[in-house]
Amino acid sequence: MDTTEGIAEALVEDLRDNDLKAYLSTLVINEEGIECMIERGSEKVSAKAKKFRNRLDEIRNEAVEDWTKARKEGSSNGVDWSRIESVDVNFKKGSDGELEFADIYVMVTDGSQTFKLKLDDCVKCGGQWFVTDGIRFD
């Protein structure tokens, strides 16, 4: 996803459809994102990318756990995931001069209640945003 709004919309769609596979394949950091960081970055960025690579299985396993936890927490609070829609997107962006980073906050409604989801520690490379630290139901 090339914008913070785009990644938020994709997240909402994946959660609405209960499509963990789509979330993992398009939004969570993957080998493509890591290669982008290595190719485009300085030694410092490349070193960070290599740390992601060394932890890739762990990051992806944590993404599954966070997905499951967020859905369970929402369900226990009465969220009807099949009806959710994005209401607003906010973010805290930063940059190290080479890559953009952001925490993305997605306001979501299911028609009866509004709640916030946080995508923590996202990184943008090659025009695409990647989640590196999971979803939080807020």
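This is a predicted model: local features need pLDDT of at least 70, side-chain atom pairs count only at pLDDT 80 or more; totals for chains, interfaces and linings use all residues.
Because cysteine 36 belongs to helix H3 (residues 31-40) and cysteine 125 to strand E3 (residues 114-125), the pair ties together parts that are 89 residues apart in sequence. The link is left-handed, with -85 degrees about the S-S bond. Cysteine 36 is likewise buried, at a relative accessible area of 10%.

What is the relative accessibility of cysteine 122? The value is 0%, and cysteine 122 therefore counts as buried. The closest cysteine sulfur to that of cysteine 122 is in cysteine 125, at 14 Å, which is too far for a bond. The count for the model comes to one disulfide.

## Fold and dimensions

The chain contains five helices and five strands. Read from the N terminus, the order of the elements is α-α-α-α-α-β-β-β-β-β. The radius of gyration is 15 Å, close to the 14 Å that the globule rule gives for 138 residues, so the chain is as compact as a globular protein of that length. Along the principal axes, the C-alpha atoms fill a box of roughly 50 × 25 × 20 Å.

Of the contacts between residues at least 6 apart in sequence, 53% join residues at least 24 apart.

## Burial, surface and charge

Buried residues account for 43% of the 138 residues. The accessible surface of the chain is about 7,100 Å², and 43% of this surface belongs to carbon and sulfur atoms.

The chain carries 20 positive and 30 negative side chains. The centres of these two sets lie 3 Å apart.

Technical notes:
Residues are numbered from 1 along each chain as its sequence is written. Side-chain values use heavy atoms; hydrogens and water are left out. Helices (H or I, at least four residues) and strands (E, at least two) are DSSP runs, numbered from the N terminus. The radius of gyration is taken over C-alpha atoms; the globule rule is 2.2 Å times the number of residues to the power 0.38. Buried means under 20% relative accessible area, exposed over 50%, partly exposed in between (1.4 Å probe, protein chains only). Contact means heavy atoms within 4.5 Å. Accessible areas come from the Shrake-Rupley method with a 1.4 Å probe; for residues, only the protein chains shown count as cover. Lys and Arg count as positive and Asp and Glu as negative; His and the chain ends are not counted. The place of a charge is taken as NZ of Lys, CZ of Arg, CG of Asp or CD of Glu. A disulfide is a pair of cysteine sulfur atoms within 2.5 Å.
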